[in-house]
Amino acid sequence: VDDFDPTILLDRLEEDQGLFIKIMNIFLDDVPKQMGALKEALDTGDADTVRHQAHTLKGSAGHVGATSMQVVVREMEKAGQEGDMQRTANLFPLLEQEFEKIKHSMRDMPGPANTEGAQ
Amino acid sequence: MKVLIAEDDATTNAILESILKKWGYEVITTRDGAQAWAALQQADAPKLVILDRMMPKMDGLEVCRRIRKKDPLNLTYIIHLTTLAGKDDVVAGLGAGANDYITKPFNNQELRARVAVGAEMVKLQVDLADKVERLEEALAHIKQLQGVLPICAYCHKIRDDKEVWQKLEAYVENHSDARFSHSFCPECLDKYYPEET
């Protein structure tokens with residue numbers, strides 16, 4: 001699975017590079033907040049919030065083409081639904097790694113797609 | 001046409017707002033069910049709603065039920081947009097009153113087509129409701145002249161509901177949109193103006 005396929009979001013935005021940058025900046029700004037809420041819920045054993053945050057992250061990742069991150073959060077959501085909080089917690093470092101990869105992909109992207117949020 | 005988006009994920013919310021604006025819609029964004037419900041209470045609120053299912057404060061199903069309870073004429077067109085793709089989820093969404101159901105991640109062409117169908121339905125429903133209202137108003141006028149009217153056998157005055165005897169012309173003019181234009185029938189013309197015939 002590719003880490004990040006920018007053509008998915010570009011296609012969604014009808015090839016509008018300006019909107020692509022705007023949306024990726026929102027994604028790069030918002031995902032750490034969601035991951036923070038997820039980590040806190042894992043630490044406190046708040047299963048409902050874990051499921052909800054994993055579900056929301058799955059949507060974010062899917063819409064911007066963060067395919068590998070989407071796979072990880074889908075697994076986390078599934079584990080959360082099955083009540084396996086330990087497995088959800090074990091997957092969290094992998095989620096962090098996948099997010100870092102997306103940040104690097106954005107930073108390495110040439111031209112206008114290189115967003116400020118990825119610096 | 002105005003569209004309300006209720007979506008708690010900032011990225012998805014921004015994508016939806018951007019592309020709907022590109023397609024010519026006026027967009028109002030909300031980040032949870034309670035915000036969406038509050039926005040729908042405003043005067044001239046959007047009648048086309050794109051509703052996430054899992055949201056904080058009030059979930060999409062509850063927002064949907066409230067809309068339907070408040071809007072029995074179904075003037076609001078609701079599209080559920082959610083990652084919950086199971087048959088039971090779809091049935092629950094439609095059962096709560098949604099008109100359509102799209103799963104995430106959405107396909108642009110599909111979303112565009114379905115939103116366009118929703119916009120057309122809203123336009124038709126609003127037009128229809130307007131026509132029904134005008135018909136009901138017209139019907140109310142017609143009903144004023146229904147029923148048994150007491151009329152004097154000699155002078156033809158009519159007794160109204162306040163027990164006042166009114167001239168036939170005045171009564172009819174007061175209870176309908178009809179107006180009188182006085183003339184002579186051939187028999188009266190013969191009787192009163194024989195020199196004219």
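Let's start on a strand: B:Lys2 stands opposite B:Glu26 in β2(B). Before I go on, this is a predicted model, where local features need pLDDT of at least 70 and side-chain atom pairs count only at pLDDT 80 or more, while totals for chains, interfaces and linings use all residues. Residues are numbered from 1 along each chain as its sequence is written, chains are lettered from A and ligands numbered from 1 in the order in which they are written, and side-chain values use heavy atoms, with hydrogens and water left out.

Okay, the sheet. Strand β1 of chain B, residues 2-6, runs parallel to β2(B), and five bridges join the two. Strands here are DSSP runs of E with at least two residues, helices are runs of H or I with at least four, and both are numbered from the N terminus. Two strands pair if DSSP finds at least two bridges between them. Zooming out, chain B has an open sheet of five strands, paired in parallel, in the order β2-β1-β3-β4-β5. At the edges sit β2 (26-30) and β5 (100-103) of chain B, each pairing on one side only. On average, neighbouring strands of this sheet are turned by 20° against each other, direction ignored.

What packs on this sheet? Helix α3 of chain B, residues 60-70, does, and it touches β3 (48-51) and β4 (77-82) of chain B. Touching, or contact, means heavy atoms within 4.5 Å. The direction of α3 makes about 175° with that of β4(B); for angles, axes are lines fitted to C-alpha atoms, for helices over the stretch in contact, and the values run from 0 to 180 degrees between N-to-C directions.

That same helix α3 of chain B holds both B:Glu62 and B:Arg65, three residues apart, about one turn of the helix. They form a salt bridge, with the closest N and O atoms 3.5 Å apart. I'm calling it a salt bridge when a side-chain nitrogen of Lys or Arg is within 4 Å of a carboxyl oxygen of Asp or Glu. B:Glu62 has 28% relative accessibility, so it counts as partly exposed, and B:Arg65 is partly exposed too, at 44%. For the cut-offs, buried is under 20% relative accessible area, exposed is over 50%, and partly exposed is in between, using a 1.4 Å probe and protein chains only.

Next, helix α5 of chain B, residues 108-143: B:Arg134 and B:Asp130 both lie there, four residues apart. Their salt bridge has its closest N and O atoms 3.2 Å apart. B:Arg134 is partly exposed at 49%, and B:Asp130 is partly exposed at 36%.

How many salt bridges are there over all chains? A search of the whole structure finds 23.

Now the arginine from my title. A:Arg12 sits in helix α1 of chain A, residues 6-12. A:Arg12 is buried yet has no salt bridge, and the nearest side chain of opposite charge, A:Asp11, is 7.0 Å away. On charge, Lys and Arg count as positive and Asp and Glu as negative, with His and the chain ends not counted.

So what does A:Arg12 touch? Not counting residues up to four places away in sequence, its contacts include A:Gly62 and A:His63, plus B:Ile15, B:Pro105 and B:Phe106 from chain B. A polar atom of the A:Arg12 side chain lies 2.3 Å from the backbone oxygen of B:Phe106.

Note on methods. A polar contact is a pair of N or O atoms within 3.5 Å; within protein, one must be able to donate a hydrogen and the other to accept it, and residues adjacent in sequence count only if both atoms are side-chain atoms.
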